[in-house]
Structure formats: structure tokens, C-alpha cells
Amino acid sequence: QVQLAEFGGGLVQTGGSLRLSCVISGRTASVDAMGWFRQAPGQEREFVAASRLNSDPTVYAWAVKGRFTISRDYAKNTMYLQMDSLKPEDTGVYYCAAGALGPGPLRADYWGQGTQVTVSS
């Protein structure tokens with residue numbers, strides 16, 4: 001199996017920045033892409049960003065495009081989500097996910113436990 005552990009969430013003011021990290025372990029050969037989802041209170045989980053591991057294709061949700069950037073550090077088995085110009089509507093639990101790119105656009109076969117991001121005005 002694959003295990004994911006994300007961290008780096010916290011409380012930040014509007015316009016501030018956070019960097020989320022996701023460490024992957026286990027049978028990572030089954031993973032083609034990694035990405036992020038988020039869930040606001042009372043809302044469904046929504047796609048945020050995803051990237052194929054061994055190529056440059058990267059997909060961002062319209063709501064975060066231009067503000068969030070996904071990156072990878074293969075030596076550390078870690079994926080990052082740099083979040084800039086944060087808005088209150090970015091508040092929610094952010095989940096790391098692993099699987100493959102698809103229509104979704106990310107088919108999430110594995111999930112982390114989530115890290116809370118709160119953006120205050």
C-alpha cells in the first residue's frame with residue numbers, strides 16, 4: 001500500500017502564504033501522479049492541484065490558478081503546495097492524494113489524513 005502524510009497547515013491572514021508538504025511512502029511504484037484536494041466545512045471535497053510525477057503536466061483548479069504552485073522533491077519523497085495570496089474562501093482541510101491523472105482530473109487511490117488551513121480577514 002501507499003501511505004501519505006501531509007502537514008504545514010495553520011492560521012494565516014488574508015494575502016498571506018503557507019506551504020503544505022506531503023510525504024509519500026510504501027509501494028510508490030503504483031503512483032503516477034500526486035495532488036491536493038480540500039474540503040470546507042459543510043462542503044464536498046474539491047480538487048485543488050495535481051501533477052504527474054515524472055513529467056511536467058500540472059493541473060490547477062480555476063479558483064487557485066495563479067496563486068498556488070505544486071512542486072516535488074524526489075530526494076525527500078515529498079510533494080509541496082505553495083499557497084500565496086490566500087483568501088478566506090481557501091479555508092478548509094487540505095488532503096494529499098496519490099493516484100493518476102484523469103478526467104477528475106486526479107483519480108485519488110490514496111489519501112492523507114488532512115491538514116487544516118484557516119485564512120482570516
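User: How many disulfides does the count come to?
Analyst: The count comes to one disulfide, taking a disulfide as a pair of cysteine sulfur atoms within 2.5 Å. Bear in mind that this is a predicted model, where local features need pLDDT of at least 70, side-chain atom pairs count only at pLDDT 80 or more, and totals for chains, interfaces and linings use all residues. Residues are numbered from 1 along each chain as its sequence is written, and side-chain values use heavy atoms, with hydrogens and water left out.

User: Which residues does the disulfide join?
Analyst: Cys22 and Cys96, with 1.9 Å from S to S. The link is left-handed, at -80 degrees about the S-S bond. Cys22 sits in strand E3 (residues 18-26) and Cys96 in strand E9 (residues 92-101), so the pair ties together parts 74 residues apart in sequence. Strands here are DSSP runs (E, at least two residues), numbered from the N terminus.

User: Is Cys22 buried or exposed?
Analyst: Buried, at 0% relative accessibility. Cys96 also counts as buried at 0%. Buried means under 20% relative accessible area, exposed over 50%, partly exposed in between (1.4 Å probe, protein chains only).

User: Switching to Thr78, what does Thr78 touch?
Analyst: Leaving out residues up to four places away in sequence, Thr78 touches Ser21, Cys22, Val23, Ser71, Arg72 and Asp73, where contact means heavy atoms within 4.5 Å. The C-alpha atoms of Thr78 and Cys22 are separated by 5.4 Å, though the two are 56 residues apart along the chain.

User: And where is Thr78 placed?
Analyst: In strand E8 (residues 78-83). Thr78 counts as buried, at 9% relative accessibility.

Methods:
Helices (H or I, at least four residues) and strands (E, at least two) are DSSP runs, numbered from the N terminus.
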